[in-house]
Amino acid sequence: MVATAADSGSWTRVTTGSTPYDVFTKPIQKSPQDDREYRLIRLGNGLQAMLVHHAKADKAAASLDVAVGHLYDPDDMPGLAHFCEHLLFLGTEQFPRENEYSEYLSKNNGSSNAYTGTSNTNYYFNVSTSALGGALERFSSFFHSPLFTPSCTVRELNAVDSEHKKNHQSDVWRIFQVNKHLSKDGHPWRKFGSGNKESLSKVGRELKAKGLLNNNAAMKSADGSLTATPNDSRATSPAPSVSSASSELEGDGGVVGRETRRRLVEWWSQEYCAGRMRLCVVGKESLDELSEMVATFFSPIPNRGKEPLHLIPDHPFGPKEMGTVVSIQTVMSFHALEISFPLPYLPPMWRYKPSGFLAHFLGHEGPGSLHSYLKQKGWITALSAGPQNLARGFAMFKVTLYMTPQGFEHYDTLVQSVFKYISLLRSSDFPAWVQKERSLISATRFRFAEKRRPDDYAVWVTEHMAWPVPRELILSAPQLVQEWDQSDPENGGEKEMREILKTLSIDRSRTVLMAKAEEHQRIRGKDLTWEKEPWYGTPYHVEPYSENSVKQANGSNDIKELHLPGPNDFIPTNLDVEKREVEKPSKRPFLIRETPLTSLWHKKDDQFWVPKAQVIMDVRSPVPNSSARASVLTRLYADLVTDSLTEFAYDADLAGLTYNFSHQSLGLYITLSGYNDKLPLLAKTVVERAKNLKVDPDRLAVMKDQAKREYENYFLGAPYRLSNYYNRYLLSEREWTMDELLAEVPSVTPEELQAHITAVLSRLHMRMTVIGNMYKDEASKLAETVEGIFQASPLPADELWDLSLVLPPRSNYVWSLPVPNKNEANSALTYYINLSTITDRRRHVMAALIAHILSEPAFAVLRTREQLGYIVSSSLWQLTGGGQSGIGILVQSERDPVYLEQRVDAFLREMSEKIEAMPEAEFLEHKTALQKQWREAPKNLNEEMNRFWIQIEWGYLDFHRRDIEAELIESITKEEVLALYRSHVDPSSPERAKVSVHLKSQKPRPAKISVAAMEAFAQKASGKGYSVDEQAWRDALAADGDAALDKFGKYWRDTLLAQAATVPPTVAQELTAEIPALLEQYPAADSEEKVVPDERAVFIQDPKAFRASLPVTEKPRPLVEWNDLPTSKF
């Protein structure tokens, strides 16, 4: 139950508007920092909505959470909830055009997304404040009158299938599914949540095989009517490919697809119930206006009388599932160990959050911790611990260790060490200050929580509206931790924690051991029997803990190095904020200090009023990236600094103060963020450690192994990430390939690295920015401290820059290379067109406008209609250093990259005509959407810092650029944009500058046969005297267009063999001999024979020589002289 007994009398009826609703009368507990107004309402259909009035908002948002996820899929149709999430967006009875919603959002500076969880499905969007009403009207109709358009069935089945294949080589998904697979028989947790084409079509295929499906069955809409699919719900693809043209004929998937859709409509009609829905709307309108909008638009959603928040209290771990070690073979190279313990549903324990208390100790990284002990032995690189809500009804507590190769050799000892620490916890008395610290930290975090993007916030609210807490505590209960009540030993908190601690025993645990196959073989031998998880094919092995392991784990702690942490000295004590009202917040920082060594930019917070600050130090040197070897050495240096600070900095992180020390192309980055009270202390310690680091050979060995694995694993990542990386490599002045970096790692010595550190820090220039709750003198003192520690010789400020390479006009380059992972089925295309320099404001604005115009249609055409793949995007790209920008189009697909480029070219040619025909009113909508995007205010300190920093890092200091371009766009005409598009984007233009990266899968694709070839074969069979059932072969083979050749062969072998009594077998042999000729005459849509590279393209054979042939962009210069320091003060 969501509402408590105390809530029952706290609602009052409102009948003044057109649609009555109930209002929760108690005030919603919120942070004192939160200036938004809240109201909780309940519609007559049971839907609850949290309304958020934000008077200063420049962006509105909404999220609707349905308390049904993939655990509620029918047993015989895995993935149906996910399929519903995909198909729901594609048209409603009120707005039948399938991209109406996404197009409306795009033209109003908005976007949308959704996800399917285990127990919920969440839909959300953001949009300009003025367009909230129209967005809600479209959004709400998905939940009361979706069309589930029949013609979209096959395409969205393909989209779900492509999404699954995208994850097929991902260890996260593979391991997740193994853990689900090894649950109790019949438990919902075993289900295959994402689904694929096979799982969603299996029932239909089996029914068809039994002759139980009616070929001419009428298609019902979601409300049970026989409303036909609107004729205009789907526009044709530009320059249709063979596949998109043929899918027009059977877009509903034939009888199998129609059965899948029928089951979807049936499931949706049963499960999507208003009482299971929670809504959050963030807008500028008053609470009364928001209430009226929500009541009007969402009251039509039917309440089907379903249990609002159905619980699954039965845990997927039964006696057979616990007390086991599961070994899993990974795709990537790493060693990890995860110990899981079953927990009950955690939200009812919202007051004291006992599992978080235990996580505080088990996951601690300070002196005496499990992490510290195992790290000092050289066995782990990271450790985490904490609870995880798996579904509504059950949870898990997990301890995860990332091991070194040596740690993997001692994995059993690591498991024992975890249980020794748990034994230490059981035998310990916990002073009251421990929970008090947790309570204080959570209260401070809640009090000074900064705003985030409105759609992110709306999603968080709807997710937590399902918690069983008093309605007035919806916002606070998930975030706050209460102190233990020492006067109440039963319900005061400690007993609840002790009860959970009791359950963390080896006999109630499962240990999962993760590594590549050869590593398992190295440590465990060759005799393990491996089974395969059915959906991903992941090899795994299950065995019980040994008797000796159980005996040791049940013993008392005998590791003397382990002890509990002490009080946290980093908890802030000075939380004062001097709030000085200003007419308008400043939109730029000020240069307050400039020395030969450092430039310091500063802005005292004038809008967020939190006791926090952000600091960035960009430490530049000519040494760190001077070669591939230097780059590796700098990376190892940064890793060792971070590694050496773990124990010291962990308490700071717990208390809300974080740092990062990392390498970059020009040197080093040092960032600090959080409560400003103790920030100078942390900064001083980090910089001192960086300056005085002594290379420990043992830790260097660990860092080298980690770097080696990271470089190797990069090649096993998603193809689209790799193609993006290669594209960036081609167009960046300072970039090394992963192969070059990897080759340098083994031979690095401690002595060489120590010398490198000295060289890096000997000659520097630093750009520093400090914003937030720090005054000028405090920022200056911090800069002085850092200078004093480094004691470096100054480097001229304009000597080092990140620069990009310039594509010449009239260029059409292609770099083709294989996907390194031979088991990866997907290929990828990264397609870049250079358009503008940052110094040409007008052209830069036109480039951004072209990117905005292309973005939504690219997704609608290349992904949704042409079904090229799940990952498709088109956006404005800034090249390295920010000096150049252009259009970047990305596609990951099972199709050949050459074919993908042909489809992108066809899309770009068609868009030239679309822009020419675009009404002025629509063109103005695109301009206004961009204008609103540029005028959006930053939502928190981090967003503000990002806006400032990019200008300081790049060196243009164009802090008012967004406002200037928002003004400039008003004068941009459609004729200008069309001229630029035709001269620099349209593939037919001889002037454009374009480069693409083709990353081609090495995994052979199953051979296919086209519909035309199948038709020709059927005619030949009929002509040879065979009885041919036209409808039967089409249903069996052509429902999805082109068919797998082996499936085609099996169907016709069986068919011809069945008629052997009337037609001689020699005829069948003659007939099958004609198949190769038919394949050549009527090639499948994605067959290799059809894919012919553009004859105008120049293929890059030597990427290094190609890069050397390109000119480098000009060094950046300030576009505005701010004159903050007319004369140097130092």
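This is a predicted model: local features need pLDDT of at least 70, side-chain atom pairs count only at pLDDT 80 or more; totals for chains, interfaces and linings use all residues.
**Exercise 1.** Determine how helix H13 and helix H16 are oriented relative to each other, and which residues form their contact.

*Solution.* Two packed helices are described by the angle between their axes and the distance between the axes. The next step is the handedness, and the crossing of H13 and H16 is left-handed. On the side of H13 the contact is made by Ile422, Leu425 and Arg426, while H16 contributes Arg498, Leu501 and Lys502. Sorted by class, the contact of H13 with H16 has three nonpolar, no polar and three charged residues.

**Exercise 2.** Carry out the analysis for helix H33 and helix H34, and state the handedness of their crossing.

*Solution.* Helix H33 covers residues 1011–1023 and helix H34 covers residues 1030–1038, and their axes come within 12 Å, crossing at roughly 150°. H33 and H34 are therefore roughly antiparallel to each other. The crossing of H33 and H34 is right-handed. Turning to the residues, Val1011, Met1014, Glu1015 and Ala1018 of H33 meet Trp1033, Arg1034, Leu1037 and Ala1038 of H34. By class, the contact of H33 with H34 consists of six nonpolar, no polar and two charged residues.

**Exercise 3.** Classify the angle between helix H6 and helix H8, and describe the residues in their contact.

*Solution.* Helix H6 (residues 197–209) and helix H8 (residues 254–271) pack at about 125°, and their axes are 8 Å apart. Angles from 65 to 115 degrees count as roughly perpendicular and those over 145 as roughly antiparallel, so H6 is oblique to H8. H6 passes H8 in a right-handed crossing. From H6 the contact takes Leu200, Ser201, Val203, Gly204, Arg205, Leu207 and Lys208, and from H8 it takes Val255, Val256, Glu259, Thr260 and Arg263. In the contact of H6 with H8 there are five nonpolar, three polar and four charged residues.

**Exercise 4.** Describe the domains of the chain, and then the two stretches that carry a UniProt domain annotation.

*Solution.* The domain assignment gives domain 1 (72–90 + 148–213 + 251–271), domain 2 (324–554), domain 3 (590–794), domain 4 (811–1003) and domain 5 (1008–1081). The centres of domain 1 and domain 5, taken over C-alpha atoms, are separated by 29 Å, and their contact takes six residues from domain 1 and four residues from domain 5.

Next come the record's annotations, where an unreviewed UniProt entry places "domain: Peptidase M16 N-terminal" at residues 51–185. Over residues 51–185 the chain is 39% helix and 17% strand, with the end C-alpha atoms 42 Å apart. The unreviewed entry also gives "domain: Coenzyme PQQ synthesis protein F-like C-terminal lobe" for residues 849–949. Over residues 849–949 the chain is 62% helix and 18% strand, and the end C-alpha atoms lie 24 Å apart.

**Exercise 5.** Place Leu716 in the chain, and list the residues that Leu716 touches beyond four places away in sequence.

*Solution.* Leu716 is found in the loop between helix H22 (697–714) and helix H23 (719–730). Leaving out residues up to four places away in sequence, Leu716 touches Val331, Met332 and Asn821.

Key. Residues are numbered from 1 along each chain as its sequence is written. Side-chain values use heavy atoms; hydrogens and water are left out. Axes are lines fitted to C-alpha atoms, for helices over the stretch in contact, and angles run from 0 to 180 degrees between N-to-C directions. Helices (H or I, at least four residues) and strands (E, at least two) are DSSP runs, numbered from the N terminus. A crossing is left-handed if the near helix is turned anticlockwise from the far one by less than a right angle, and right-handed if clockwise. Contact means heavy atoms within 4.5 Å. Ala, Val, Leu, Ile, Met, Phe, Trp, Tyr, Cys and Pro count as nonpolar, Asp, Glu, Lys and Arg as charged, and the others, Gly among them, as polar. UniProt positions are given in the numbering used here, feature names are shortened, and annotations may be inferred rather than shown by experiment. Angles under 35 degrees count as roughly parallel, over 145 as roughly antiparallel, 65 to 115 as roughly perpendicular and the rest as oblique. Domain bounds come from an automatic or database domain assignment.
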